Amino acid sequence: MSSLVSIIIPAYNAAPYLQRSVASALAQTHGDIEVVIVDDGSTDGTGAIADQLAEQDERVRVVHQENRGLAEARHSGVKAARADYIVHLDADDELLPDAVAFLYGKCVEHQLDLVYGSFIKVMDEKTRFEVPHPMEGVLTGDEYLHFLFDRRCMCASWGNLCRREVWSDDIYPPRGQVLPSEDVLMNISLSAHVERVGFYNKPVVKYYYVPTSLSATNRLSSLDSWETFFSLIEANLQQRGKLDALAREVLCMKLDRLAFYVHPLDTSRPWVNEALHDRSHQLPRRCAILQQLLRYPRLCHWCVVNNRRLKKILGR
């Protein structure tokens with residue numbers, strides 16, 4: 001007998017996409033589901049669309065709240081969920097019809113706390129391709145933590161199914177702080193609460209490329225927000241006795257984020273200057289190049305912008 005699964009959809013100004021997303025959730029072959037839409041203070045009619053969808057199908061419920069950011073929207077959804085299992089779905093994406101059935105089946109079969117499928121990246125009407133995980137199998141919570149710092153890792157908060165009980169309050173960033181890469185922060189915290197994590201290369205989500213997204217446009221984040229982001233990561237790892245073992249990986253993440261998401265770069269900031277001159281680790285070639293390039297912020301930014309243009313041309 002299958003268990004109820006709650007599909008949580010945080011939605012902020014998602015009016016053009018929300019109906020498509022909810023329809024994909026309601027079309028799951030796993031019959032015992034509920035859909036929780038969290039309207040995160042939308043101003044474009046998203047809330048009204050969500051209420052209409054709830055009127056049309058009793059499996060849909062809506063939570064309205066003031067705008068608090070993606071992490072808090074997910075938090076509200078988990079609190080409102082009635083099921084023992086949680087699936088997160090972004091409002092501009094789609095679940096494939098057998099996604100929940102597959103993930104739930106693997107979760108039960110292998111006694112997993114968290115299970116990931118792969119996803120299909122949809123660039124436009126003609127271009128789409130699968131993005132697989134670099135490995136398949138079951139990891140321990142500690143192995144999962146290390147994998148999260150691997151640049152090949154494609155672990156978002158969506159594209160997976162998780163036991164609800166592992167989503168404790170300490171997983172979410174401090175309330176009132178809207179930070180970049182919140183999914184990364186939450187997954188690092190989540191790794192302390194899971195014992196068995198499965199990865200399978202079966203597509204479960206259609207991830208739609210949105211030209212206005214952070215990853216697509218290199219929309220720039222402030223140094224203050226990234227400083228807070230890394231302070232939270234380092235505090236989490238320090239508390240768990242993991243910081244020394246992962247110091248090189250944290251440095252690599254800093255260099256990556258500084259290169260791709262910050263411009264202009266203030267190299268006089270103590271934490272930035274430290275990252276650019278840290279010689280205590282043997283860095284992978286790519287990160288070593290970034291560390292040198294970041295000393296010339298304008299040149300670095302030019303290289304990043306043109307790299308993104310080339311990827312767009314190549315459809316990557």
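Student: How far is the sulfur of C300 from the closest cysteine sulfur, and in which residue is that sulfur?

Tutor: First, a word on the model: it's predicted, local features need pLDDT of at least 70, side-chain atom pairs count only at pLDDT 80 or more, and totals for chains, interfaces and linings use all residues. Residues are numbered from 1 along each chain as its sequence is written, and side-chain values use heavy atoms, leaving out hydrogens and water. A disulfide is a pair of cysteine sulfur atoms within 2.5 Å, so C300 is too far from its closest partner for a bond. The gap is 6.7 Å, to the sulfur in C303.

Student: What about C162, and how many disulfides does the structure hold?

Tutor: C162 has its closest cysteine sulfur in C107, 7.7 Å away, so that's too far for a bond. The number of disulfides in the structure is zero.

Student: Is C162 buried or exposed?

Tutor: Buried means under 20% relative accessible area, exposed over 50%, and partly exposed in between, with a 1.4 Å probe and protein chains only. C162 sits at 1% relative accessibility, so it counts as buried.
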